[in-house]
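I opened a new structure today and kept notes as I went. The entries follow the order in which I looked things up.

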Amino acid sequence: MSGVTGGEDKEHRNGEENMAAWLLGIKTLKIQPYHLPALGPHDVKVQIKALGICGSDVHHFKTMRCANFIVKKPMVIGHECAGIIEEVGSHVKSLAVGDRVALEPGISCRRCDLCKNGRYNLCREMKFFGSPPTNGSLANKVVHPAYLCFKLPDNVSLEEGAMCEPLSVGIHACRRANISPETSVLIMGAGPIGLVTLLAARAFGAPRVIIADVDDIRLSIAKNLGADEIIQVSTNIQDVGEEVVKIQNAMGSGIDVSFDCVGFDKTMSTALNATRSGGKVCLIGLAKSEMTAPLTPAAAREVDVIGIFRYRNTWPLCIEFLKSGKIDVKPLITHRFGFSQQEVEDAFETSARGGTAIKVMFNL
């Protein structure tokens, strides 16, 4: 069989075939064999035990693309994952067989100026699990660099380990926006990323957090997770002025930082208008590649607009917050599925429907 490495031969001789969920076409997922690369000296082989479905996975599932990332050939899906080390490369000293680990899913080049300056999340050569053309991690096993696998403390579950990936987005955003005990926060959007941003902002000490969304079910979840106030808004751009007043009144003081976890014209307009002069707006949600927003009046009030892309150097802090109990991600996991053909299909349909589904989790 061409292209089969010695490592793969050994696996087949042992009679165990590594299976993965392959995205073959629009809304077409199939569990099929996945031949892993040989284990390098600095790599580990991980049995995946928990994997969450991300919004980007759903975009790939529904449309075969997410923003400018287009699926052009069959691809293993998934990237929010944790598991147990099964094998370690010859040079790996930091991890041992049996260790429970959370995996950071992006492998940067480590050579370009961005990587060398510590901004490796912006690396142009990034190979990111389940982002075309790189295969993902909804599989029995994956091979991954040891330096991107983080050991979990005994009191942090594998599911919580998998939740480090979405939580990292909220933590990176809070770092970029300098959230502190002196920062009042508005969050536009109460989907999974809005909710992890709420948890992160609280862990960074934000004394008051308000969340706005169109969906009353999501808002009630946000309230249960500790939002001080929840504001139901419309999808009509004409309502921005009125809603900004409502949001500002609910805050009771100036809004220092607004996080737009959606990325529509309306959510960005609301964030820019609601934020106090000299404050910050952080754009997390990338729903549209272009938007129309009132930048000039915001700029005249010296409102800073900052963007984030994924995260960098966040796993140790995520794990510390989970270990200490400062953040509890367990209430975000609303649905659980096993790893059979039917369950993979049902899980993605459940996540795509939205509604009460916040985080859909696979237990492998």
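The notes below cover sheets, helices, an aromatic pair, a pocket and a cavity.

**Entry 1: ground rules.** I noted that this is a predicted model, where local features need pLDDT of at least 70, side-chain atom pairs count only at pLDDT 80 or more, and totals for chains, interfaces and linings use all residues. Residues are numbered from 1 along each chain as its sequence is written, and side-chain values use heavy atoms, with hydrogens and water left out.

**Entry 2: the six-stranded sheet.** I looked up an open sheet of six strands, which has the order β15-β14-β13-β16-β17-β18 with parallel pairing. β15 (229-232) and β18 (304-307) stand at the edges with a single partner strand each, so one side of each has no neighbour in the sheet. From one strand to the next the twist averages 20°. Strands here are DSSP runs of E, at least two residues, and helices are runs of H or I, at least four residues, numbered from the N terminus. Two strands pair if DSSP finds at least two bridges between them. β17 (residues 275-283) runs parallel to β18 and is joined to it by four bridges. Cys282 has Ile306 in β18 as its bridge partner.

Entry 3: Axes are lines fitted to C-alpha atoms, for helices over the stretch in contact, and angles run from 0 to 180 degrees between N-to-C directions. Helix α7 (residues 216-224) lies across β14 (208-213) and β15, at about 170° to β15. Helix α9 (residues 265-274) lies across β13 (184-188), β16 (255-260), β17 and β18, at about 150° to β17.

**Entry 4: the three-stranded sheet.** I then found an open antiparallel sheet in the order β2-β1-β6. Its edge strands, β2 (28-33) and β6 (75-76), each pair on one side only. β1 (residues 19-25) pairs with β2 over six bridges, and Ala21 has Ile31 in β2 as its bridge partner. Helix α2 lies across β1, β2 and β6, at about 50° to β1. Helix α12 lies across β1 and β2, at about 145° to β2.

**Entry 5: an aromatic pair.** I searched the whole structure and got six aromatic pairs. Rings of Phe, Tyr and Trp (its six-membered ring) pair if their centres lie within 6.5 Å; planes under 30 degrees apart count as stacked, over 60 as edge-to-face and the rest as tilted. Phe61 and Phe348 have ring centres 5.2 Å apart and planes at 45°, so this pair is tilted. Phe61 is in α2 (residues 55-63) and Phe348 in α12 (residues 341-353), 287 residues apart.

**Entry 6: a pocket and a cavity.** On a 1 Å grid over the protein atoms alone, a cavity is a set of points where a 1.4 Å probe fits but cannot get out; a pocket is an open set with protein on both sides within 12 Å along at least five of seven lines, and lining residues have an atom within 4 Å of a point. Grid points are joined across faces, edges and corners, and a volume is the space filled by probe spheres set on the points. The second largest pocket holds about 240 Å³. Its lining has 16 residues, with Tyr34, Pro37, Phe129, Thr134 and Val143 nearest the centre. Strand β11 (residues 141-145) gives the largest share, four residues. I found one cavity of 30 Å³ or more. The largest cavity has about 50 Å³ of space, and its lining includes Glu104, Tyr120 and Arg310.

Methods: Contact means heavy atoms within 4.5 Å.
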